[in-house]
Every structure is written in structure tokens, then in C-alpha cells.
Amino acid sequence: DYCTGLTTTNARFATLFGGPARKPEELLTQHHMDLAASIQAITEEVVLRLSRALAVETKMKNLCLAGGVALNCVANGVILRDGRFDQIWVQPAAGDAGGALGAALATYHHQEGMPRKRSDRDGMQGAYLGPAFAQSDIEKELTAAGARFTVLAEDKLLDATAKALAEEKAIGWFQGRMEFGPRALGARSILGDPRSPAMQKMLNLKVKYRESFRPFAPSVLREDLADWFEMDADSPYMLLVAPVKKSRQRTMSEAERKLFGIEKLNVPRSEIPAVTHVDYSARIQTVHADTNPRYHALISRFKMLTGCPVLVNTSFNVRGEPIVCTPQEAFRCLMGTDIEMLVIGDCVLRKEDQDPALRLDYKDAFELD
């Protein structure tokens, strides 16, 4: 029944979008009858045929994507590499939340008659549309929570954070306005050193409290993107997947190829193993100096220290909780996980300096996703 369903659906895709349909066994053999991977393969087939049809019909070279399927960053990468469009822009909160924003914009332009302004830059400016906290409010909230912190000038703050990252510490990074959408984009993020083979496992088990194999995304300086990944297009919202640069990849030995399961998964596959998936791909966030200057400056400082313009970036929360929004929530996450340092505004908090009585037990507080 499963193969029959694929045959019918695949044939319908061919009728709707043109071109020869792929045989079901071509889709299934590659993925060993794995249901999730097969659905992903068909999704990629659908979006590729749709995008090719749009390219032929409209003759346009720029493509905008929205809706829940536009969060499928692997499929987005397939469209980009297909080469029918010069630029692809994906709404960072694709889905219902972004639909509400679109409705507001439509009212603003159509009902109120306000003109649309064209810009060569990303009009959403990084999608940092959430709340922000003044330095005085941050200090007030942290003090009320019993936190012990040091206030540093930006240069010293960046130096201390980059040094801690190079020492393979997990850093809570809370800066400026919160991101809009499902991705942490360097405003409410947990950061790590992507060069560390142990970082992925450590963040999963000791911070996120989830399975050790879950992948993480790289934040990379936009100007260094093409030196590290097989891509040279903006991806500010972490919604495009591309391979790690061939020159940065590490070929597995014969003995490593014979490994199975988690053991094989844990084999480093590149110079940045913490963000390299089993197929040598990565879900990329390009970081731009004009939309997030402090985050860009931090990665630049890390590059000066290590030669690597990439950081591990995952959302600032534990499994089962939303991304932290307030300074007190960030402090609770610090005290309930094995995050070793919190940088919030101009305040730096080190775990070893905190009152042990404020420790929380997050590990068993939430069920698996």
C-alpha cells in the first residue's frame, strides 16, 4: 500500500508539474524504506517541480517563500542549488505567525495606501522584532534573582566571551531585541565551539537534555561563508542547508565506515564537526554586521583567536521550554543546566560565581520532544 501510494502520488506530480516521474523504488531504495526520509524526498521533488514551473512561467530571477513548508531548509537548499533563481528569500516565521505579519503589511499597504519601498537589503533587518531590555533593567532583574555578575565594556566583554568559547565552554548569549520566528539568530542563543568533536554531544546531553545525536546549526560571518560552505547566498534566518566545503571535510577511514549507529555518527566529518551532519551538510545562518553588529563582532573576535569564523548556535532554552525572553528566564536557564557562562547585555555571569543554593534541576522536569 505504501509503494502504491507513492506510485499514485508520484505520477500525479508528473502530471501536474511536467517531466518524468521518479520510480518509487528509486526514492525508496536510497532511503531503505525509511518513512521520514521518503517523505522528505517527495517533498523535495514537489518543491523542485513547483519552483521550476514558476521560473519558466514568470521568467523572474528572485524567489520568495512562505508557509510552513518553507521552514524545510533542506528543500530550500535544493531549490537554491538547482540554479533557476539567483536569490531566494524565506520568511523567517513561515507559517501562522508570519501570516499574521503579512496580513498587517497587506492592510498597511493596500487599505491604508502606504507605498512599498524597495531595498537591496533585507527589509526585515534580521527579524529582531521582539522585546529588548535596557542595561539598567537587566541589572535590576539579575540582582532581584540573586545573580552575581560583572559589568564589562564591550571590548572586554567580547574578549572574555571569545576566550571562553575557545575553551569549549557553553555560553548563554542574550543581546538586544529577541528574534521573531522559530530560530535563535544570535539574540537568544546558546553558543559553542564548532571545532570541538565533543560539543554536539555535550550541548545535547548537558544543556538541552535530549538525544546526543541531535544536530546544531552554524552561525558564520557572511564574508567568510564561501570559504567554509558550498554556498554563496545570504541565509540570515537559518533556512538554507548546504554542504560543508570539500576542502574542510574529513574523509572517513575504512574502519570508521564499518562502524554502526551512534559510534559511526560520532565520527568527525569536517574541521567543524559540531555543526556537520552525517551527509556533510549544515543548516547555515549567515551573520551580517549591519543587522546584528555585536554578534558579528563576537564571531569576528573568535575568528581572530582561532582562525574559525563559525560558532555553534542553538536556541537559548531547555527541552520542553520556549526560548528565554527575559533576563530572569536566562538566569534560571543558566542555573538549571550546565551552561558555564551567561552574557546578557553588558553583564557577564560565570557559573562558578553563583550561589549554589540557586541551582535548579531541569534534567527531569520536561518530557522528550
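Analyst: Let's start with a working rule: a disulfide is a pair of cysteine sulfur atoms within 2.5 Å. Before we use it, note that this is a predicted model, where local features need pLDDT of at least 70, side-chain atom pairs count only at pLDDT 80 or more, and totals for chains, interfaces and linings use all residues. Residues are numbered from 1 along each chain as its sequence is written, and side-chain values use heavy atoms, with hydrogens and water left out.

User: How many disulfides does a search of the whole structure find?

Analyst: Zero, over the whole structure.

User: Okay, helices next. How do I read the packing of H3 and H4, and at what angle do their axes cross?

Analyst: Two packed helices are described by the angle between their axes and the distance between those axes. Helices here are DSSP runs of H or I with at least four residues, strands are E runs of at least two, and both are numbered from the N terminus. Axes are lines fitted to C-alpha atoms, for helices over the stretch in contact, and angles run from 0 to 180 degrees between N-to-C directions. H3 (residues 35–58) and H4 (residues 73–82) have axes that come within 9 Å and cross at roughly 40 degrees.

User: Which residues of H3 and H4 meet?

Analyst: Contact means heavy atoms within 4.5 Å. On the H3 side you'll find Gln40, Glu44, Val47, Leu48, Ser51 and Arg52, meeting Val74, Ala75, Val78, Ile79 and Asp82 of H4. By class, that contact has six nonpolar, two polar and three charged residues. For the classes, Ala, Val, Leu, Ile, Met, Phe, Trp, Tyr, Cys and Pro are nonpolar, Asp, Glu, Lys and Arg are charged, and the others, Gly among them, are polar.

User: And H7 with H12: what angle do they pack at?

Analyst: About 55 degrees, with the axes of H7 (residues 154–166) and H12 (residues 293–306) 9 Å apart. That makes H7 oblique to H12. Among the residues that meet are Leu158 and Leu165 from H7, and Leu298 and Phe302 from H12. The contact of H7 with H12 has nine nonpolar, two polar and six charged residues.

User: Let's zoom in on single residues. Is Leu349 buried or exposed?

Analyst: Buried, at 0% relative accessibility. Leu349 sits in strand S11 (residues 347–350). Leaving out residues up to four places away in sequence, Leu349 touches Phe149, Phe331, Leu334 and Met341, among others. Leu349 and Phe331 are 18 residues apart in sequence, with 8.8 Å between their C-alpha atoms.

User: Phe331 belongs to which helix's buried set?

Analyst: H13's, along with Pro327, Ala330, Cys333, Leu334, Met335 and Gly336. H13 (residues 327–336) is mostly covered, with seven of its ten residues buried. Those buried residues pack against H6, strand S4 (171–174), strand S10 (341–344) and S11.

User: Where is Asp122?

Analyst: In the loop between H5 (96–111) and H6 (135–144). Asp122 is partly exposed, at 23%. Setting aside neighbours within four places in sequence, Asp122 contacts Trp89, Pro236 and Tyr237. The C-alpha atoms of Asp122 and Thr291 are separated by 9.0 Å, although these residues are 169 apart along the chain.

Conventions:
Parallel < 35°, antiparallel > 145°, perpendicular 65-115°, else oblique. Buried < 20%, exposed > 50% of the residue type's maximum accessible area, 1.4 Å probe, protein only.
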